[in-house]
Amino acid sequence: MPCLIQRDRLLLMIATLFLTVIGIVFVYSAGSYWGKIHYGQTAPFLVKQLIYLGVALLSFSFCGRYKGLQSEKTWTLLYWLSILLLAAVLVPGIGVVRNGSQSWIALGPLSLQPSELTKIATIVKLSFILSNQKSTGSKIHWRHFGYLFLPIILIMLQPDFGSAFILIVSVFLLFFISGYPIRFYVFLIIAGVVGLVGLILSAPYRLKRIQAFLDPWSDPLGSGFQAIQSLLAIGPAGLYGFGFGNSRQKYLYLPEPQNDFIFSIIAEEMGFIGAAIIIFAFGVLIYAGFKLAYKSSHKVSLYSIATLIGMIGFQAFLNIGVVSGLLPVTGVTLPFISYGGTSLVVTWIAIGIVWNFSKER
Amino acid sequence: MWVTKQVSVRLKFVMMIFICLGCLLIGKLITVQFFQHDFLTKKAEENWDREVPMKSLRGNIVDRSGKLLVGNRLAPTLYFMPAQNREPEKVAAQLAPMLQMDEKKLEEQLKKKVTIIKIAPEGKNISYELAEKIQKLQIAGLYTGLDYVRDYPYGVLLSRLLGFTGSDMQGLAGLEYQYNDLLLGKQSAIRLFTDAKGANLPHVEDGWREGQDGATLELTIDVDVQKVIERELAQAMEKYEADQAIGIAMNPKTGEILGLASFPTYNPTEYQKVDSKIYNRNLPVWMTYEPGSTFKIITLSAALEENVVDLEKDQFFDPGYANVEGATLRCWKREGHGQETFLEVVENSCNPGFIELGRRVGPTKLQQYIRDFGFGQVTGSNMAGESTGILFSPKNYGPVEHATTSFGQGISVTPIQQVQAVSAAVNGGKLMTPYIVKKVINSENGKTLKTYEPTLKRQVIRPETSAKVRNALESVVANGSGRGAYQDHLRIGGKTGTAQKAENGRYKSGEYIVSFIGFAPADDPKVVVYVAVDNPKHGSQFGGVIAAPIVGQIIEDIHTTVGITDRKEQMEKEYRWGDVEKVRVPNLVGKTKEEITELLYPFRIEWHGEGEKIASQLPKADAQIVKDGTIHVYLEKQ
């Protein structure tokens, strides 16, 4: 069914490009005033983001074609390299602290966030391990968890809970697709609920945190600040929004509007319609990706494609959920759209790998 | 293609979950963007608002004829937005000398890390001329807000009723406080479109939020009446070195309060200088005390309404005391009034006589009348801080309590309750709710927003009974204890009151509240005037001596204002030793100089002009003057 695969790959690319273009446009709109105030230029983010996009497209075309990526050895190497980088980032002098997390390695004018790379390497490496496994006997294996928790621990040390959470969810998604028994997930859910209740009961301040999340207005200048500023962008916009470029919240009311909270500026300027289109585009991306996974010719391709797409989709859900007040604030970028080199390049690399793995072999 | 059944099912399941998550997001967006749209828009506007307030005018307070009692005076205030000017030092150097303030201090103020700074107190409510000068400097980020301050054309007049406003024009006491919401209006403002730090956004035009001026409050007060009352009370305060003084004038037929005064008074622009008791207590409605003899009007009305006495025919013997259940209740006159008619009982304010009247009415009925006349509950005059007073509860109401209540002791009432009750007793029996606000007017277009109409609470006694009460009270002024209030041709009726002050349930020796409640004219009352002087320290402490002349003088001075015309039939004042004897002025106009000299009038005559025939005279014919008084006569040549 090569032609059908071609159709799904086309759909995937359309969604990806659409979201990327939206990203470029709104990094400009949302970030222009912030850039002017903090860097004295109207479009510092746009220029940089265009450069990052160039890098992203180059990475994509490389990853989309490079045959070496289809061998497990490459991924074993990449996995351990990313672990090394994660360890290096914790070393003072190499790692750079930003926003309270030591997540960055500075390379001259550029900076790299190893955890982004780790997410992909861990997912593909584990996809290989799972696809090599004999189908007999229990699927659950301590080795899988070892490969998962080694990077998780290192990421938590930064600390970067957002990335860690996304990686855990993505890998559990991978385990699920690979046939981990349902009872494992039932156990996971029960353990999660019990653990959560236990945590809340053991320390009443956590209950207050939850209340603060449910009612951000109780502390509008403290813990509820970002959530409220985001709602003040989205809410008044209504169906059509204030029109492109007419956001009010981007005038320093919402901090760093080009980053994690870019979706609220989109919703403010383009209204519910614009916001819904973005969500729909992510839906198309996930749909096309899963179709490609379904039709892959190899187990490992199926696992990798589904998990990488799932990771992007889940990250998008997490970001929009936070921005719209559905979820408590966690620092997660919106794939393709938020400003940031590593995020954009790595997401495009993921798409490149999907492209590569979805080829007939 | 490699896919197993299990993997296929699980992929579809995950896809389903993603669809659910997408729906969750869409649902949340719908909630936020549609259901919470209005709420969030309001919040966002609050968040964006960077406003330079342009105070809308606080409503005026005017008297019943529209004379301004409280108005506003323009007093601009300076505001500074630090984000729009990076040289606060320069601004401070320019402004400090103009505002006569320390440059360093101003600089410190201007460097505050806030969006908008109100330069206070030196830059608050500055003169208009200074504001203009400062505007000419064209300092970036400096704005002049149009502020107003309260202005009182009559100074201290009515201050304890009107109250005052605080630094931001919020009503803090009196009517200013009570009607604050109406008077305040909605503030206008320049809406600055700025970023979160207050810097101007060059491409967005500043907006304007239209406010609304506060409503004008038209009172029932008549400034001319008020002036007379305050003048008289001020004199009394000084003359008797009294602690406090209270005065009320009310139209008995409508309940409109024409004048309402409390002393000592204060200047509303300097309220910080006086004890808060002075501005927080509007004495005519707040203060409660034993009414004393003025309360006998209630007993009298009840007795007449119940038809248990014929004032002129029934006789009473007052030995100077009455025995009730073993208790001896004394008359104010130790030796007693002896044999007297009940009209004389009223004229003399004879306590044993009123105990008898109370006995004839009966305890249950008298209690009912007292409550029907409005005692024991607030009058509903809509003035803040009104007290209810204290009556005997029915179970504590024994014969002794009944007896003392009959002549106004052992209970506690407010001045406004007394005015309300006496108005009903003399106006034909209608208990009218006293009120102070006549109209609420939209200041911008002059339209009346609300009119307060006279409110009838109930008919307490019949009109015929009321006429008898008026007659008896006129006779109190003409022949009895209220003679000090007598004014020729005005037919004043009234009743004195003298009550010992009580504190913590015990009488304070030597401290009295002397009062008089009067009305005029007796045939058709147009005004009820009540005056009480608290603890006068000179002269004999009797209402008849101190308060009655004040009420008489007030009624004399306001009678044209309240529409009282001279009366022909009046009770002539009975002359008593010590009274200044007055005689009527004969008509001299038209007579010749010779004729007059022959007649030997008991007056001194001062001649004016030249001629033989008299053209006019002052006072006019039939007016009363003191014996040996002077008549000015104007001659004309024939």
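In what order do the strands of the open three-stranded sheet of chain B run? The order is S5-S4-S6, and the pairing is antiparallel. Strands here, like helices, are DSSP runs numbered from the N terminus (E, at least two residues, for strands; H or I, at least four, for helices), and two strands count as paired if DSSP finds at least two bridges between them. This is a predicted model, where local features need pLDDT of at least 70 and side-chain atom pairs count only at pLDDT 80 or more, while totals for chains, interfaces and linings use all residues. Residues are numbered from 1 along each chain as its sequence is written, with chains lettered from A and ligands numbered from 1 in the order in which they are written.

At the edges of this sheet sit strand S5 (117-118) and strand S6 (142-145) of chain B, each pairing on one side only. Four bridges link S6(B) to strand S4 (residues 77-80) of chain B in the antiparallel sense; one pair to look for is Leu78(B), whose bridge partner in S6(B) is Thr144(B).

Chain B also holds an open sheet of five strands, in the order S12-S11-S23-S22-S21 and again with antiparallel pairing. Strand S12 (257-263) and strand S21 (493-503) of chain B each have a single partner strand, so one side of each lacks a neighbour in the sheet. From one strand to the next, the twist averages 10 degrees. S21(B) runs antiparallel to strand S22 (residues 506-520) of chain B, and ten bridges join them. Gly497(B), for instance, has Ser515(B) in S22(B) as its bridge partner. Lying across strand S11 (244-250), S21, S22 and strand S23 (527-534) of chain B is helix H17 (residues 415-426) of chain B, at about 145 degrees to S23(B). Such angles run from 0 to 180 degrees between N-to-C directions, and axes are lines fitted to C-alpha atoms, for helices over the stretch in contact.

Over in chain A, the secondary structure comes to twelve helices and three strands. Buried residues (20 or more other C-beta atoms within 10 Å of their own, against 12 or fewer for exposed and anything in between for partly exposed, with C-beta atoms placed from the backbone) make up 49% of the 361 residues of chain A. Helix H7 (residues 182-202) of chain A goes its own way: the count of buried residues among its 21 is zero. Phe184(A), which lies in this helix, is partly exposed, with 15 other C-beta atoms within 10 Å.

Helix H4 (residues 114-132) and helix H5 (residues 142-156) of chain A have axes that come within 10 Å and cross at roughly 175 degrees.

Finally, the two chains meet: 40 residues of chain A are in contact with 32 residues of chain B, contact being C-beta atoms, placed from the backbone, within 7 Å. On the chain A side, H10(A) gives the most, with nine residues. That side divides into 25 nonpolar, twelve polar and three charged residues, where Ala, Val, Leu, Ile, Met, Phe, Trp, Tyr, Cys and Pro count as nonpolar, Asp, Glu, Lys and Arg as charged, and the others, Gly among them, as polar.
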